[in-house]
Amino acid sequence: MKSYSCPAKARHCGGCPLLDLPYPEQLRQKQQQAKALLGDFCEPLPILGMEDPLHYRNKAIATFTTRHGRLDCGLYEEGSHRVVPFQDCLLVDRRLAEILHAVLDAANRCRFSAYDEDRRSGLLRHLLLRRGVETGECSVTVVTPSSFFPGSREFVRLLRTACPDVTTVVQNINPRRTSAVLGDQEKVLYGRGYILDTLCGKRFGIGSRAFYQINHTQTERLYRTAIDFAGLTGTERVIDAYCGIGTIGLIAADRVKEVLGVELNPEAVRNAGRNARSNGIKNARFLHADAGDLMTQMAKAGEHADLVFLDPPRAGASEAFLNALLHLAAPRVVYISCNPETQRRDLTLLTAGGYRVDQIQPVDLFPHTKHVETIVLLQREAL
Ligand code: SAH
């Protein structure tokens, strides 16, 4: 069985720890992991793997550094602050790799310098690239320590000439000494400030600070399976919790009565509202709130929901969220998770509170990494 080898050889960024394992073996291990963690609730279905598990990442993040007197960029070496030069990564979209080189070329021609964290001097900190794989639109976000960005117009001109598919360029300002790449403030240097992509037939605008799944092919399979599990009939009142830019709720909207999305990130929730409008969807609303707070309020107000989608971050759902979910007692819950350990914890609480796990579908969203994504269908037991 074939395995792959990273062009950067021994200089590992830590981004693909399973690369040496043949892909079918990776899938076998992930299946086992899903079974070990969730098998007590119900037997997981066979994991959905990729046919061609390379170059699936539609997003790349790199850090600027200085090498041989020139601006360069790359990835932090695992567990350190040393920047490993970006070699043509096997996971990143091929076009994004070309754009990364074009950004470096334009920045070097503008004589930009890399930010030095210790001396607190220099111009460019990080780079975030995204590509809408169906539309071909790309966004380039450069992170600077302050709003000061002399030469930005020339930089945009050079970059746009080399790569006309870069449809938006954003300056993100992050003055803090932090491991977080992005700051809160942004300035659009070119274009709309976000890219468009299509997922399951719907159009989505994606800003640089909003969450968007990085593997387009597998995300479509993930959402389709989640919506299939939901068994929608057109009459449901649906909550899309931790909704990001509204993807799951908007894809399901044609098949339900009403969608209420909730999301904590202000840019993502603005994107979600705009995405509803641009798709002509009138039965979806998106609220900017903590999902646990909103659910608690709804439970107190005696509101009802027929179905809850939840897709929380790695930490899983909050206890307040889960308790409110038990109060709301939605007949069906579809729980998408990127961390089966916290999902197991949350399922333990939900099954003790009256739910039954009916289906578990693992999906390989991140080949060559240790991550496994799982979709779980829960149904309320008859009382
Ligand atoms: N369902 C979306 C996003 C999933 S990622 C998609 O598939 O694209 C998880 C999302 O939860 C992120 O957008 C994050 O900003 C949001 N989030 C994190 N904590 C939250 C909270 N306490 N309440 C609501 N949303 C939260």
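Which of the 15 residues around the ligand come nearest? In this predicted model, the nearest are Tyr223, Glu263, Asp290, Ala291 and Asp311.

Three of these residues were examined for the distance between side chain and ligand. For Tyr223, an N or O atom of the side chain is 2.4 Å from an oxygen atom of the ligand. The side chain of Glu263 likewise places an N or O atom 2.6 Å from a ligand oxygen. For Asp311, the ligand atom concerned is a nitrogen, and the distance to an N or O atom of the side chain is 2.9 Å. The ligand on its own exposes 570 Å², and 87% of that area is buried by the protein. The shell of residues around the ligand was also divided by class: 9 are nonpolar, 3 are polar and 3 are charged.

Open space in the protein was considered next. Rolling a probe the size of a water molecule over the atoms shows where empty space is left. The second largest pocket holds about 330 Å³ of space. Its lining consists of 17 residues, and those nearest the centre of the pocket are Phe64, Thr65, Tyr115, Asp116 and Glu117. Strand β1, which spans residues 59–67, contributes the most to this lining, with 4 residues. By class, the lining of the second largest pocket comprises 6 nonpolar, 5 polar and 6 charged residues.

Charged pairs were then searched for over the whole structure. Side chains of opposite charge can pair when their charged atoms come close. The search finds 23 salt bridges. One of them joins the side chains of Arg344 and Asp40, with an N to O distance of 3.8 Å. Arg344 belongs to helix α9 (residues 340–352), whereas Asp40 sits in the loop between α1 (23–38) and β1, so this pair ties together parts that are 304 residues apart in sequence. Strand β1, at one end of that loop, is also the element that gives the most residues to the lining of the second largest pocket.

Notes
Residues are numbered from 1 along each chain as its sequence is written. This is a predicted model: local features need pLDDT of at least 70, side-chain atom pairs count only at pLDDT 80 or more; totals for chains, interfaces and linings use all residues. Side-chain values use heavy atoms; hydrogens and water are left out. A residue is near a molecule or strand if one of its heavy atoms lies within 4 Å of it. A polar contact is a pair of N or O atoms within 3.5 Å; within protein, one must be able to donate a hydrogen and the other to accept it, and residues adjacent in sequence count only if both atoms are side-chain atoms. Accessible areas come from the Shrake-Rupley method with a 1.4 Å probe; for residues, only the protein chains shown count as cover. Ala, Val, Leu, Ile, Met, Phe, Trp, Tyr, Cys and Pro count as nonpolar, Asp, Glu, Lys and Arg as charged, and the others, Gly among them, as polar. On a 1 Å grid over the protein atoms alone, a cavity is a set of points where a 1.4 Å probe fits but cannot get out, and a pocket is an open set with protein on both sides within 12 Å along at least five of seven lines; lining residues have an atom within 4 Å of a point. Grid points are joined across faces, edges and corners, and a volume is the space filled by probe spheres set on the points. Helices (H or I, at least four residues) and strands (E, at least two) are DSSP runs, numbered from the N terminus. A salt bridge is a side-chain nitrogen of Lys or Arg within 4 Å of a carboxyl oxygen of Asp or Glu.
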